[in-house]
Amino acid sequence: MLINPQEMPKVAVDEMNEVHSTEVEILNKLYEKILEFENDSSKFDEVVKLFDEFLNDVIQHFSFEQNMMEETNFFAYSMHRGEHDRVLFELKSLEKMLKEKNDVKTLKEYLVYNFKPWIINHVKTMDTVTAMYLSNFL
Ligand SMILES: [Fe+2]
Ligand SMILES: [Fe+2]
């Protein structure tokens with residue numbers, strides 16, 4: 001397991017918590033598959049499949065929050081969106097390295113040393129403030 005579900009902070013909007021817990025589930029599945037791949041390189045295609053699932057989920061997660069922020073004219077929208085865009089850009093570079101160079105090692109290191117601490121911190125800070133604001137409209 002890369003992220004224990006209990007490590008994910010809870011925010012004031014339930015739908016956001018649900019989106020986050022689904023994402024952690026998919027991320028953990030991807031991570032387990034990467035560990036399997038390390039002992040059995042025939043698992044490469046399954047790593048790619050789960051990476052695609054993870055990337056799609058991240059795209060939906062971010063646009064779900066962005067739509068709510070837009071609809072409610074959230075004051076820090078551009079800052080929050082900037083963080084989402086930066087991480088999506090990084091994930092798309094990793095997608096290229098994975099699919100064109102079969103580079104699973106860089107993906108694993110990114111997930112462990114960048115994505116994991118980033119998502120926990122992001123939910124604790126930007127998502128928390130955003131959810132507090134959004135909860136006034138629900
Ligand atoms: Fe989020
Ligand atoms: Fe966010």
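Trainee: Which spacing do the donors of the iron ion (ligand 2) follow along the chain?
Mentor: This is a predicted model, in which local features need pLDDT of at least 70 and side-chain atom pairs pLDDT 80 or more, while totals use all residues. Residues are numbered from 1 along each chain, chains are lettered from A and ligands numbered from 1 as written, and side-chain values use heavy atoms, without hydrogens or water. Glu 65 (OE), His 80 (NE2), His 84 (NE2), His 122 (NE2) and Asp 127 (OD) coordinate the iron ion (ligand 2) at 2.1 to 2.2 Å, donors being N, O and S atoms within 2.8 Å of the metal (3.2 Å for Na, K and Ca). Along the chain, these donors follow the spacing E-x14-H-x3-H-x37-H-x4-D.

Trainee: Which residue bridges the iron ion (ligand 1) and the iron ion (ligand 2)?
Mentor: The iron ion (ligand 1) has His 20 (NE2), His 61 (NE2), Glu 65 (OE) and Asp 127 (OD) as its protein donors, at 1.8 to 2.2 Å, and in sequence these residues are spaced H-x40-H-x3-E-x61-D. Both His 20 and His 61 are buried. The two iron ions lie 3.5 Å apart, and the residue that bridges them is Glu 65.

Conventions:
Buried means under 20% relative accessible area, exposed over 50%, partly exposed in between (1.4 Å probe, protein chains only).
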